[in-house]
Amino acid sequence: MAKDPVCKMNVSETGARFKSEYLGVTYYFCSEGCKKSFDSNPVKYVK
Ligand SMILES: [Zn+2]
């Protein structure tokens with residue numbers, strides 16, 4: 001399982017519909033809304 005960096009929900013990488021790559025790392029999201037939040041300001045969610 002991967003963790004949605006926006007809402008901290010666990011997301012399965014298998015067949016994940018919402019993902020983004022940032023600085024060479026792939027992040028998975030539970031929804032398009034979380035992906036959009038991440039894409040608009042990834043620095044806020046990446047430690
Ligand atoms: Zn989410």
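## Overall architecture

Read along the sequence, the protein follows the pattern β-β-β-β-α. That gives one helix and four strands. Helices (H or I, at least four residues) and strands (E, at least two) are DSSP runs, numbered from the N terminus. The model is predicted: local features need pLDDT of at least 70, side-chain atom pairs count only at pLDDT 80 or more, and totals for chains, interfaces and linings use all residues. Residues are numbered from 1 along each chain as its sequence is written.

The C-alpha trace spans about 25 × 20 × 15 Å along its principal axes. The protein has 47 residues, and 17% of them count as buried. A residue is buried if 20 or more other C-beta atoms lie within 10 Å of its own, exposed if 12 or fewer, and partly exposed in between; C-beta atoms are placed from the backbone. Take the contacts between residues at least 6 apart in sequence: 29% of these join residues at least 24 apart. Two residues are in contact if their C-beta atoms, placed from the backbone, lie within 7 Å.

Over residues 4–42 the chain is 23% helix and 31% strand. The end C-alpha atoms of this stretch are 12 Å apart.

Phe-18 stands opposite Phe-29 of strand 4.

The hairpin has two residues between its strands, and Leu-23 takes a positive phi near 50° there. Leu-23 is not a glycine. Most residues other than glycine have a negative phi. Leu-23 is exposed because it has 7 other C-beta atoms within 10 Å.

Lys-8 sits in the loop between strand 1 and strand 2 (10–11). With 10 other C-beta atoms within 10 Å, Lys-8 is exposed.

## The nonpolar core

The largest nonpolar core has six residues: Val-11, Tyr-27, Tyr-28, Phe-29, Cys-34 and Phe-38. Strand 4 and helix 1 (32–40) each supply at least two residues of this core. Strand 4 gives the largest share, three residues. A nonpolar core is a set of buried Ala, Val, Leu, Ile, Met, Phe, Trp, Tyr and Cys residues joined through C-beta atoms within 7 Å. In soluble globular proteins, nonpolar side chains tend to be buried together.

Val-11 is one of the core residues. Leaving out residues up to four places away in sequence, Val-11 touches Met-1, Ala-2, Asp-4, Ala-16, Tyr-28, Phe-29 and Cys-30. Two of these partners, Tyr-28 and Phe-29, are listed in the core as well.

Ala-2 lies in strand 1 (residues 2–3). Ala-2 is partly exposed, because 16 other C-beta atoms lie within 10 Å. Not counting residues up to four places away in sequence, Ala-2 touches Val-11, Glu-13 and Tyr-28. The C-alpha atoms of Ala-2 and Phe-29 are separated by 8.6 Å, and the two residues are 27 apart along the chain.

## Helix 1 and the segment after it

Asp-39 lies in helix 1. Asp-39 has 12 other C-beta atoms within 10 Å, so it is exposed. From Asp-39 to Lys-8, the C-alpha separation is 16 Å, across 31 residues of chain.

Lys-44 belongs to the segment after helix 1. Lys-44 counts as exposed, with 10 C-beta neighbours inside 10 Å. Lys-44 and Val-6 are 38 residues apart in sequence. In space these two residues are 9.0 Å apart, C-alpha to C-alpha.

Conventions: Two strands pair if DSSP finds at least two bridges between them.
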